Amino acid sequence: KKSITNKADFKIRKKLDEADTLLEMNDLEKAAMKYDKILNKHPESVRAMSGKAQVMDKMAEQKRSNALLEEYISLASKAIQMVDIPADLLLQVAERLADRQQFRGWMKKALKTRKLVAEKFPENLVLQNKLGVGYIMANELNEAKDVFRQVLAVSSMDGYALCHLGFLLKTFDHEMEEAIPLLEAGIKTKDPGTADGRFYMHLGDALQRVGKNDEAYKYFNEGADLGFFRSAYQRSLYNSDVDSQGWWTMEQTGYQKYFKMLEENWETIRDEGMAQMDPATGAFHPEEENLREKGDWKQFTLYQRGRKVDSSCAKTPKTCALIDKFPDAKSCKRGQVKFSVMQPGVHVWPHCGPTNSRIRAHLGLVVPEGPKIRVVNETRTWMEGKFIVFDDSFEHEVWHDGTQLRLVLIVDVWHPDITEKQRSQLSPI
Ligand code: LMR
Ligand code: MN
């Protein structure tokens, strides 16, 4: 306890130790009373303040209470701002505090905490790296990059900083050439925090985009061997334990009856989708996941994460009424129902969807000559009024080389082997 006890606390160490013992024994009520008693007499006691905070932290967890969590955050924040807080205690309290602030969704506050410790311990690169992640969480990406660059200026082979800087350059700046060597070097260090499927995914993705497909597959295979991907071709990161395949038939899904019902109404669906096409009054939005090499690709979302988007369905009520009759589509928390329009000239980079928990079906609505879609090693095209069905957790790629727009309705459905109970427990995507 020496390293967390300042001069003032040393004088009352007996009482503090007693309170700590109660805390360690999880006698939270008594511990709280003891710390309060100490704080009444010695409001400047850092150990009592942080001890009381820890009590609230534990209570918040037990009761799953945000109110208690917020009390903890307030007390811990006070503790770390006390001038004579010993370094070790500051480190202990601040680490947990930043983590809990993040958990509460208070990213800016967590960042402030991370800044405070990073400044107090400028030599500690682990803390600098955590500050970098704090900036990412707070969506301050330029600052994040600066922090990782500063770490690399001191320690050029810091794997954590290499991977995170590479990730940021790839994902937000689309600087593939710059990102590739950083991610490669970072992964190679095997430093803590670098064994992460996302880094393998983005590295391979970047390599594919600069035309180095063989090298990309080296990392996809490695990622699969390490258990991050289900296979080199199926690189979703949110997976259920089900059998998968690239292309499906409607029969194989077991939802044939519903797909047929939508096919029978395809013209109604097409007309509602086409009515939204005018850029001035329509509801389509450009694809924003940076999946396109080139071209004009827009989507209009009717359902997402298992919820109807009311403002959208007000515009296409007949289509939504049809989807409402398709339980495994409208309840698909890990997918969407959306119109997708592609103008000629589009190329969508090879990519994998986030999850194998869904199967993706496309209903062809306006299908000229020219567009095609590859899933792993088999390329197909659409037909008006007909569904094609595939598992988008497998690598797929889309081209539109025609002269007219292509419109489809994308309908995600639960993978049929996922039970009702599992469905209710999966996180939405
Ligand atoms: C995709 O899901 O990536 C594409 O197939 C979407 C589309 O409109 O073809
Ligand atoms: Mn896709």
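Guide: Let's start with one pair: strand β9, residues 371-375, joins β10 in the antiparallel sense through three bridges. Keep in mind that this is a predicted model.

Visitor: Which residue of β10 is the bridge partner of Val 375?

Guide: That partner is Glu 378.

Visitor: How do strands of a sheet pair?

Guide: In general, backbone hydrogen bonds link the strands of a sheet, and the pairing can be parallel or antiparallel. Here, five strands make up an open sheet with antiparallel pairing, and their order is β3-β7-β12-β9-β10.

Visitor: Which strands stand at the edges of that sheet?

Guide: Those are β3 (292-294) and β10 (378-380). Each has a single partner strand, so one side of each has no neighbour in the sheet. Direction ignored, neighbouring strands here are turned by 20° against each other on average.

Visitor: Let's step back to the whole protein. How many helices and strands does the protein have?

Guide: There are 20 helices and 13 strands. The C-alpha atoms fill a box of roughly 85 × 45 × 45 Å along the principal axes.

Visitor: What share of the contacts joins residues 24 or more positions apart?

Guide: Among contacts with a separation of 6 or more, such pairs account for 65%. As for burial, 53% of the 429 residues count as buried, with under 20% relative accessible area as the cut-off.

Visitor: And what does the surface look like?

Guide: The accessible surface is about 20,800 Å², and carbon and sulfur atoms contribute 50% of that area. For charge, the protein carries 63 positive and 63 negative side chains, with the centres of the two sets 7 Å apart.

Conventions. Residues numbered from 1 in each chain as written. Chains lettered and ligands numbered in written order. Predicted model: local features only at pLDDT ≥ 70, side-chain atom pairs only at ≥ 80, totals over all residues. Heavy atoms only, no water. Helix = DSSP H or I, 4+ residues; strand = E, 2+ residues; numbered from the N terminus. Buried < 20%, exposed > 50% of the residue type's maximum accessible area, 1.4 Å probe, protein only. Contact = heavy atoms within 4.5 Å. Areas by Shrake-Rupley, 256 points an atom, 1.4 Å probe, with all protein chains shown as cover. Lys, Arg positive; Asp, Glu negative; His and termini not counted. Charge placed at Lys NZ, Arg CZ, Asp CG, Glu CD. Pairing = 2+ DSSP bridges. Axes fitted to C-alpha atoms, helices over the stretch in contact; angles between N-to-C directions.
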